[in-house]
Amino acid sequence: MKNLNVALVRLLQFVVFALFTFIVLVYFGTMILLPLDIVVLITKALHLLGIGTLFGAILAVPVVAYLGKIVYNTPGLIQMIIEGGIDLVNTGKQRVEAFNKFAVPAK
């Protein structure tokens with residue numbers, strides 16, 4: 001019976017680990033893909049105005065780069081975004097380690 005309890009605790013621990021890993025990957029993946037999505041949206045908007053897709057992309061990339069520069073130069077914004085991701089990692093680590101106190105008495 002104790003082996004079953006340990007196995008269930010470890011299974012739940014793995015599920016929580018996988019969940020927080022997924023959340024962190026989505027968080028940082030969004031930060032990477034967001035500028036690319038903005039380029040695509042601006043390109044499509046310029047295409048609706050009659051500008052070709054290639055020329056729209058050529059115009060959209062500097063616009064997004066300028067927007068990225070504005071975000072980068074905003075004091076504390078980048079640090080806050082990174083700290084939010086680090087807080088997710090630390091919270092996940094604490095939740096996974098919290099399962100150990102249930103697994104030890106079950107042995």
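User: What should I know before I start?

Analyst: This is a predicted model, where local features need pLDDT of at least 70, side-chain atom pairs count only at pLDDT 80 or more, and totals for chains, interfaces and linings use all residues. Residues are numbered from 1 along each chain as its sequence is written, and side-chain values use heavy atoms, with hydrogens and water left out.

User: Which residues make up the largest nonpolar core?

Analyst: A nonpolar core is a set of buried Ala, Val, Leu, Ile, Met, Phe, Trp, Tyr and Cys residues joined through side-chain atoms within 4.5 Å. Buried means under 20% relative accessible area, exposed over 50%, and partly exposed in between (1.4 Å probe, protein chains only). Here the largest core has six residues: Val9, Val16, Phe20, Val96, Phe99 and Ala103. Helix H1 (residues 2-48) gives the most to this core, three residues; helices are DSSP runs of H or I, at least four residues, numbered from the N terminus.

User: What is Val96 in contact with, leaving aside its neighbours within four places in sequence?

Analyst: Contact means heavy atoms within 4.5 Å. For Val96, the partners are Gln13, Val16 and Phe17.

User: How is the aromatic pair arranged, edge-to-face or stacked?

Analyst: Rings of Phe, Tyr and Trp (its six-membered ring) pair if their centres lie within 6.5 Å; planes under 30 degrees apart count as stacked, over 60 as edge-to-face and the rest as tilted. The structure has one such pair. Tyr27 and Phe28 have ring centres 5.3 Å apart and planes at 85 degrees, so they are edge-to-face. Tyr27 is partly exposed at 23% relative accessible area, and Phe28 is partly exposed at 29%.

Key
Helix = DSSP H or I, 4+ residues; strand = E, 2+ residues; numbered from the N terminus.
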